[in-house]
Amino acid sequence: MLVSLRIENIALIDRLEVSFEEGLNVLTGETGAGKSVVIGAIGIALGGRFDRTLLRDETKDGLIEVLFTLEPGIRKRLLEGEILPEDLLSEEELVITRKLTKNRVVNRINGETVPLAQLKETAEVLINLHAQHEQTTLLKPAKHLELLDAGSEKVLAKKQEVRELYRQSKELENRLSGLNLDPAERAKQMDFLQFQLQEIRDAKVIPGEDAELEQEFRKMSHAEELLSICQEVLQLTGDETSTGCGSLISRAAKRIRDMGRYEEESQLPDQLSEVESLLTDFNQSLSDYMQEISYEPEELDRISKRLDLLNGLKAKYGRTLEAVLETGNALEEELHTLEQAEEEQNRIREELEQVRAELAGAAEELTKLRKEAAEPLVKQVSDTLEGMNFSHVEFRAEFGTREEILSDGQDDVVFLLSTNLGEEAKPLHKVASGGELSRVMLALKATLSDASDTPTLVFDEIDVGISGITAQKIGDLLKKLARTRQLLVITHLPQIAAMGDAAYRIDKSVSGEKTYTTITELDEEGRVQELARLLGGDKITDAILQSARELLA
């Protein structure tokens, strides 16, 4: 279950930390106090959009953190579904943290940075968030199919199979379309590919050749300057003149050896002899290098033309010679495909026909599974709705068949509803009021939550358009749901607020020149005062307080 929520520097919240209880947690507060901010922060923690427009102070980081306890069954689902590795589930608790720093959002689970997709998958197992006014999505028939599918693991598994087969069929169709060229167009394309391929082949490209040629070109094109430098250096270091470094060191070496007559242990003669030897070796290497320097106009022209050719190929086919060769391989494969186009078309057509047959079979099985899943779903939703102060309820799912199979199958599903005896059941968007939509959505959520075993459910103002005895009935349903899972419910209705196992008030206050949202867990007297506010508004009389106490009792 959700143990605690921490929010820092988000909207009207400077810093907020609250702990939740098992069972039914009820959150109330004046309109505009920040209830939607609190629920929105939970949504962000579960992978929702997190950007700088949400920050209270743009110079500081934003942080949202939720702490869950892990039941054995939930831990098993996370491991078996390969959503999280075992080393991230070493504790009995799981912490999800999202931090917005500068322009980057850091996502962590138990302190380890994870991709957003992995965080969302984890959150879906732990908590289900029913956002404010989500019931209006029931006006869109496309939502009905999604809700029906959500209640059956078999349907979801088969739906994934259909989606994969649909993807394969589209991929094969695209490949076939690419081969469907008329003969003249195919010949034209083959000629162009052959020209490109021959251009690469004729060049006989060797990886790294361009770097070697560029070095050789620089050396040859500056041969005169290099020789001039070498000759000058050789005059300075050689022994051909009396002022050359080699001649001077040689004379110094002969002279210093005379020290041996007076100082037998001195190392100086040996050191200078080593310098003389090194200089002799250097001069020899320099002479050899000068022998290698040559200026041959024909060779320089050859290298220049070869470099132009290679650079031209790199400009056309890749930034490096390796990339040019890779392009050549790709061109060869493409040319081969076009040469074998007719044969390849026949092969793809056969494969496409097989995939389409498998897709049709899978879609047919998906329809069958959906119809099987619809029966218990419709019955349970109907039973739940009957307990929500409807004098008469007829709720059912009507199936239609599309002309073509799409990624979610071939079915159209519309939920039909009649709440008056003698009236024909019609699509929700034609008959349901706001209050009726709220009740239908709650009934669906209650039914689907039983199927998914999600430990925590969050309802943001599920009571829109509801009052009186209906509110009492919905409160009873929420209380029943809270026996087997944790619920967080934002409400304006005292009948529902009184049902809570724990109650919280969200307030907005002004301090200095800033507005702050805070949340407080209420004791029994605090709950009485809050129920009285919900019952009577600003003017709270003794009679209203007594009614609040009776309602709470």
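At what angle do the axes of helix α6 (residues 183-203) and helix α11 (residues 297-317) cross? In this predicted model, the two axes cross at roughly 145° and come within 11 Å. The crossing in which α6 passes α11 is left-handed. On the α6 side, the contact is made by Q196, E199, I200 and A203, and on the α11 side by R306, L309, L313, K316 and Y317. Sorted by class, the contact of α6 with α11 has five nonpolar residues, three charged ones and one polar one.

The secondary structure of the protein comes to 19 helices and 15 strands. The protein is more spread out than a compact globule, because its radius of gyration is 41 Å, well over the 24 Å that the globule rule gives for 553 residues. Taken along the principal axes, the box filled by the C-alpha atoms is roughly 125 × 80 × 45 Å. Of the 553 residues, 43% count as buried. The protein exposes about 30,700 Å², and carbon and sulfur atoms supply 48% of that area. Among contacts with a separation of 6 or more, 70% are accounted for by residues 24 or more positions apart.

The axes of helix α18 (residues 524-536) and helix α19 (residues 542-552) come within 8 Å and cross at roughly 115°. Here α18 passes α19 in a right-handed crossing. The residues of α18 that make the contact are E524, E525, R527, V528, Q529, L531, A532, L535 and G536, while α19 contributes I544, L545, S547, A548, R549, L551 and L552. By class, the contact of α18 with α19 has nine nonpolar, four charged and three polar residues.

L147 has its place in helix α4 (residues 141-150). Is L147 buried or exposed? L147 is buried, because its relative accessible area is 6%, and buried means under 20%. Leaving aside neighbours within four places in sequence, L147 is in contact with L138, F415, L444 and L448. K99 lies 48 residues from L147 along the chain, and the C-alpha atoms of L147 and K99 are separated by 32 Å.

L279 lies in helix α10 (residues 268-292). At 14% relative accessibility, L279 counts as buried. With neighbours within four places in sequence left aside, the contacts of L279 are T237, C245, G246 and I249. From C-alpha to C-alpha, L279 and E232 are 15 Å apart in space, and they are 47 residues apart in sequence.

Two further residues concern distances between positions that are separated along the chain. L129 lies in strand β8 (residues 127-130). At 27% relative accessibility, L129 counts as partly exposed. S391 is exposed, because its relative accessible area is 76%, and exposed means over 50%. S391 and N420 are 29 residues apart along the chain, and their C-alpha atoms are separated by 7.2 Å.

The place of N9 is in strand β1 (residues 2-10). Phi of N9 is near 60°, which is a positive value in a residue other than glycine. N9 is buried, with a relative accessible area of 5%. A11 is placed in the loop between β1 and β2 (13-19). Although A11 is not a glycine, A11 has a positive phi of about 50°. Is A11 buried or exposed, or partly exposed? A11 is partly exposed, with a relative accessible area of 32%.

Methods:
Residues numbered from 1 in each chain as written. Predicted model: local features only at pLDDT ≥ 70, side-chain atom pairs only at ≥ 80, totals over all residues. Heavy atoms only, no water. Axes fitted to C-alpha atoms, helices over the stretch in contact; angles between N-to-C directions. Helix = DSSP H or I, 4+ residues; strand = E, 2+ residues; numbered from the N terminus. Left-handed = near helix turned anticlockwise from the far one by under 90°. Contact = heavy atoms within 4.5 Å. Nonpolar A, V, L, I, M, F, W, Y, C, P; charged D, E, K, R; others polar. Rg over C-alpha atoms; globule rule 2.2 N^0.38 Å. Buried < 20%, exposed > 50% of the residue type's maximum accessible area, 1.4 Å probe, protein only. Areas by Shrake-Rupley, 256 points an atom, 1.4 Å probe, with all protein chains shown as cover.
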